[in-house]
Amino acid sequence: MKGLDILRGKYLENVNNDSTSLSLLGRGSGIEMMKQTISKDKLFILFPTEEADAQEYFYILDGKIEAEIDGIKTEVGAHDFISAKNLEVPVHFSTLTDVTLLSVSTAPIFHYLSDVIKALKEVGEAVERKDRYTFNHSARVADYAVKTAAKMKLGKDRTESLYLASIFHDIGKINIPEEVLKKPDKLTNEEFDIVKKHPGDGADMLRKTAYADLADIVEQHHERINGRGYPFGLKGNEILTEAKIIGVCDTFDAMTEDRAYRKAFSAEYAMAEIRELAGVQYDPEVVEAFWQVLKEEGKIQ
């Protein structure tokens, strides 16, 4: 049924170590739901979060944990419920038995632990190692993108997705031959056709993971509002705002770094070129927000 999923014993992803198993049951709209098992005689720690409005809920399915709270030992067991918001100090629980609990968090944290995210980042790093001119390119694009999103008041949930999509936007380039990536001359039409596959290849990699919701952003980051982009030739509002942001930040970073076929342009020159194409290739609101970011950072006058 549309809008309904029934998952029988199926998790989006599992992360295991010697004492803990963490299973991602669902994610979306800035919320993560997880099932966690912790062995007996281990620590379970709730940490203060950097986000003032973040909230975490824990429902004990089985087992017992104990903590000293305000100087009093407190035991929590099956069917008890813990809520954490605005913690000032970490709270240390000890597991008195093996424990199984469900947790819901409005501050997504699973990607910090995710083996899938780690593997995808390694693909991105491998791409950048293939071409020394793109070293740390994705990290810079992600930094620009998040700051631009803040100017546009995109919202916490979408900004978090934008950050991850920015980190992964070029992972599809792993399939591009090194001689094409590093070619110092103009690409042939056949070579450019190979390059144009990378947004789709990256999106396909993401669609096989718990982070499939990022795939469309990655797939669209070379689309342009006049329909002259790739891979689909989307126009205007057919393109996700997140993809438009990455498109501008990606272009700026590419222009202001050395390439095999040219030296880097100045930030002033690159931004002037991008502003010239606002309303043609690039969304004017995105361009304006990015311009403000660069001005505040002193990169342009």
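**Notes on the predicted model**

1. A cavity here is a set of points, on a 1 Å grid over the protein atoms alone, where a 1.4 Å probe fits but cannot get out. The volume is the space filled by probe spheres set on the points, with grid points joined across faces, edges and corners. By this rule there is one cavity of 30 Å³ or more.

2. Before going on, a word on the source: this is a predicted model, where local features need pLDDT of at least 70 and side-chain atom pairs count only at pLDDT 80 or more, while totals for chains, interfaces and linings use all residues. Residues are numbered from 1 along each chain as its sequence is written, and side-chain values use heavy atoms, with hydrogens and water left out.

3. Which residues line the largest cavity? They are Glu223, Arg224, Ile225, Ile239, Lys244, Gly247, Val248, Gln281, Tyr282 and Asp283; lining residues have an atom within 4 Å of a point. By class, that makes four nonpolar, two polar and four charged residues. For the classes, Ala, Val, Leu, Ile, Met, Phe, Trp, Tyr, Cys and Pro count as nonpolar, Asp, Glu, Lys and Arg as charged, and the others, Gly among them, as polar.

4. Zooming out, the protein has eleven helices and ten strands (DSSP runs numbered from the N terminus: helices are H or I, at least four residues, and strands are E, at least two). Its C-alpha trace spans about 70 × 40 × 40 Å along the principal axes. Of its 301 residues, 44% count as buried (under 20% relative accessible area; exposed is over 50%, partly exposed in between; 1.4 Å probe, protein chains only).

5. Now have a look at Thr95, which sits in strand S9 (residues 91-95). Thr95 is buried, with a relative accessible area of 1%. Its side chain reaches the backbone oxygen of Ser39 at 2.7 Å, and a polar atom of that side chain lies 2.8 Å from the backbone nitrogen of Lys42. Leaving aside neighbours within four places in sequence, the residues in contact with Thr95 (heavy atoms within 4.5 Å) include Ser39, Lys42 and Ile65.

6. Not counting residues up to four places away in sequence, Thr241 touches Met152, Leu154 and Arg158.

Notes
Polar contact = N/O pair within 3.5 Å; in protein donor to acceptor, adjacent residues only side chain to side chain. 1 Å grid on protein atoms, 1.4 Å probe; cavity = no way out; pocket = protein on both sides within 12 Å on 5 of 7 lines; lining within 4 Å.
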